[in-house]
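Colleague: I have the model open. Can you walk me through the contacts?

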Amino acid sequence: MPVISKIQIKNASITKTNLFKLLDLISQEKFLIAPAEGPDLEDINFLPVTGAEQICFDYENTLVPPKEYFFGQSECMFSFSPRSNESITVTDQSEELVFFGVRPCDVKAIELLDKFYERSFVDDYYLSKRACSVIISVACSQLNEECFCTSVGSGPVLTEGFDIQLIDAGNDFAVQVGSEKGLQLYEQYQDFFGAPIDVDAEKEFEKAKASEPGFDLQRVYDRLKSNKVDDRLWADIARRCQSCGLCLLLCPTCSCYTVIDRVTPNGRNLRMREWDCCYFEGFTRMAGGQNPVKPKEEMIKRKYYHKLVQQIDEFGMSGCTGCGRCNTVCVGNVNWLENIRKIEGSGRDV
Amino acid sequence: MNENPYKPIDAEIIDIIDESPTIKTFVIVPQSEFRFATGQFVELTLPGIGEAPFTPSSSPKETERMDISIMKAGQVTGLLHECGKGQKVGIRGPYGNGYPVDSFVGKEVLIVGGGVGLAPIRSLFLTLVDRIKDFKRVVCRFGARTPEDLIYKESLFGEWPKIDGVDMKLTVDNSDDGWSGNVGVVTTIVKSDDVDINNSAVVICGPPIMMKFATMQALEYGFRPDDIYLSMEKNMSCGIGKCGHCMIGKYYVCKDGPVFTYEQIRKYPKIWD
């Protein structure tokens with residue numbers, strides 16, 4: 001069963017005062033995950049909130065994408081005794097999680113992960129968590145410095161693939177309900193919503209596109225696929241990349257992991273899966289030391305190819321949703337967007 | 001297949017055969033019936049240590065027990081080598097596509113193998129000789145670094161070369177006093193007239209450098225790239241096309257391989273590294 005059953009979009013509206021009240025009620029009645037400041041850090045992240053006053057409404061995007069709620073950084077799949085493999089599956093989370101404030105780029109990223117985990121072999125660890133989540137996303141009304149959703153077709157306003165989407169319209173939000181799960185939530189709290197209001201999503205998109213240092217995705221795809229990128233670009237990235245993996249760990253679509261065992265103090269074996277990064281040298285290294293993805297240029301190239309060619313071929317959507325997180329966190333000042341633009345321009349005189 | 005693809009079933013090591021200074025064959029008995037096609041791989045769990053991918057070396061016809069030949073190379077394999085009979089292990093799978101044996105029918109099959117690469121090849125060989133009349137000939141060209149490093153010695157020097165329809169030659173890179181056979185890398189015993197190039201398939205499995213030169217040689221002899229079958233084992237971790245470790249271009253080796261024709265992967269750089 002697909003995790004999102006699309007419906008014909010239903011329009012409504014909600015005043016900002018009512019939205020606050022609604023989120024407050026949801027936070028009492030259900031588990032609400034929303035952008036909030038952590039207790040020790042000023043970073044805004046998706047955190048469980050127990051009252052609407054804890055929610056940060058004035059944010060560009062969270063530092064960490066919401067994927068960790070469905071695909072944990074370190075997740076125990078099952079445990080077994082040291083003497084046999086008789087295993088106990090770790091209970092899947094089954095309580096409903098309501099997300100508020102997910103940006104369109106991250107909703108798109110979740111859509112990609114859904115497709116990835118739904119294709120064979122079907123991954124129940126991810127899908128069971130997705131099945132009991134509902135997302136209220138908030139369209140972007142301005143483009144931030146590092147992001148470029150319009151170039152990869154993932155924002156600033158979604159046209160489909162969301163549960164509930166809010167679009168800022170001054171004192172109100174225009175509300176769009178786009179899935180069965182969204183409709184259920186909407187109907188449960190119907191009293192908070194008002195009549196549809198007009199928003200010109202297309203105008204928002206054009207406005208955003210004009211201000212964005214974008215690129216032509218098709219051209220980037222063609223360049224990468226036909227291997228026409230200047231090798232000096234890969235050499236330059238390889239020189240600056242420190243293989244810290246931060247760009248991949250914070251990428252909303254990265255889904256690589258490793259399967260390993262950990263032992264608890266009382267001797268039970270835990271079969272874990274933990275996030276892994278293709279920029280780690282050991283990622284492709286085999287027992288005995290052979291590494292098929294060497295030198296580092298190949299490692300770098302592989303990431304660009306995977307996100308901007310392979311995933312487009314396999315899922316019909318870009319593996320990069322333009323959130324720009326990787327650009328802001330790189331310690332080696334490797335700028336993904338800038339490099340994509342160089343790939344786009346390679347073959348021309350630049 | 002298990003309901004949860006990550007969950008191994010119980011198995012027990014009932015016998016261990018020393019094949020070479022670095023390779024042992026573990027005979028394991030899964031708790032319940034475990035079927036695989038030749039060339040598919042399994043993930044073998046050593047409880048509390050972890051798991052690693054291996055291609056069984058026994059015939060798929062044997063469903064009660066399975067042989068897995070393992071070279072001591074890393075953490076899991078190193079500790080497996082220290083295990084004794086009776087050790088509990090876990091097994092999940094099988095994964096991947098295996099060798100397309102049916103497409104070899106009516107043809108000559110040239111098998112070029114080296115070192116621990118003979119492990120999957122043994123399974124293929126046993127599968128082929130089981131229905132040897134379906135193939136024109138099975139031509140084996142096997143090598144190892146030294147005579148000591150040749151695995152399955154008993155079969156290689158015993159019954160296998162005597163099977164009707166099998167033509168077998170062996171070589172070692174370096175000889176010792178007791179070796180009277182060919183000395184040289186495996187490509188030195190593969191000749192252009194070993195098989196009818198227009199009606200045969202080549203299967204190559206061994207260390208990457210050997211696979212590279214054996215493939216180049218096969219191309220030079222005139223084999224078509226889609227008649228050359230390569231076992232592209234990589235660092236498979238999940239086994240089910242998710243974790244990302246084994247990707248070559250658009251392929252997940254674990255799910256789309258591990259057996260590829262040269263035609264499928266020739267355009268990707270660094271496939272031999």
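**Contacts between and within the chains**

Modeller: Start with Arg271(A), which forms a salt bridge with Glu51(B), with 3.0 Å between the closest N and O atoms. A salt bridge here is a side-chain nitrogen of Lys or Arg within 4 Å of a carboxyl oxygen of Asp or Glu. This is a predicted model, where local features need pLDDT of at least 70, side-chain atom pairs count only at pLDDT 80 or more, and totals for chains, interfaces and linings use all residues. Residues are numbered from 1 along each chain as its sequence is written, chains are lettered from A and ligands numbered from 1 in the order in which they are written, and side-chain values use heavy atoms, with hydrogens and water left out.

Colleague: How many salt bridges are there between chain A and chain B?

Modeller: The count is 1 salt bridge. The rule also finds 20 residue pairs in polar contact across that interface, both residues at pLDDT 80 or more. A polar contact is a pair of N or O atoms within 3.5 Å; within protein, one must be able to donate a hydrogen and the other to accept it, and residues adjacent in sequence count only if both atoms are side-chain atoms.

Colleague: Which element gives the largest share of the side of chain A that touches chain B?

Modeller: α9(A), with 6 residues. Helices (H or I, at least four residues) and strands (E, at least two) are DSSP runs, numbered from the N terminus. By class, that side of chain A has 18 nonpolar, 15 polar and 13 charged residues. Ala, Val, Leu, Ile, Met, Phe, Trp, Tyr, Cys and Pro count as nonpolar, Asp, Glu, Lys and Arg as charged, and the others, Gly among them, as polar.

Colleague: How much area do chain A and chain B bury between them?

Modeller: About 3,400 Å², 53% of it on carbon and sulfur atoms. Buried area is the accessible area (1.4 Å probe) that two parts lose on being put together, summed over both.

Colleague: Switching to chain A by itself. What are its domains?

Modeller: Domain 1 is 6-210 and domain 2 is 217-344; the bounds come from an automatic or database domain assignment. The contact between them takes 42 residues from domain 1 and 40 residues from domain 2, where contact means heavy atoms within 4.5 Å. The two domains bury about 3,600 Å² between them, 61% of it on carbon and sulfur atoms.

Colleague: And how many salt bridges across that interface?

Modeller: The rule finds 4 salt bridges between domain 1 and domain 2 of chain A. The side chains of Arg273(A) and Glu75(A) also meet in a salt bridge, at 3.7 Å from N to O. On the side of domain 1 that touches domain 2, α2(A) gives the most, with 10 residues.

Colleague: Now Arg122(B). Buried or exposed?

Modeller: Arg122(B) counts as buried because its relative accessibility is 16%. Buried means under 20% relative accessible area, exposed over 50%, partly exposed in between (1.4 Å probe, protein chains only).

Colleague: What does its side chain reach?

Modeller: The side chain of Arg122(B) reaches the backbone oxygen of Ser57(B) at 3.1 Å. A polar contact of 3.0 Å also joins the side chains of Arg122(B) and Asp67(B). Arg122(B) lies in helix α2 of chain B, residues 118-130.

Colleague: Last one, Leu219(B). What is it in contact with?

Modeller: Leaving aside neighbours within four places in sequence, Leu219(B) is in contact with Pro225(B), Ile228(B) and Tyr262(B). Leu219(B) is partly exposed, at 26% relative accessibility.
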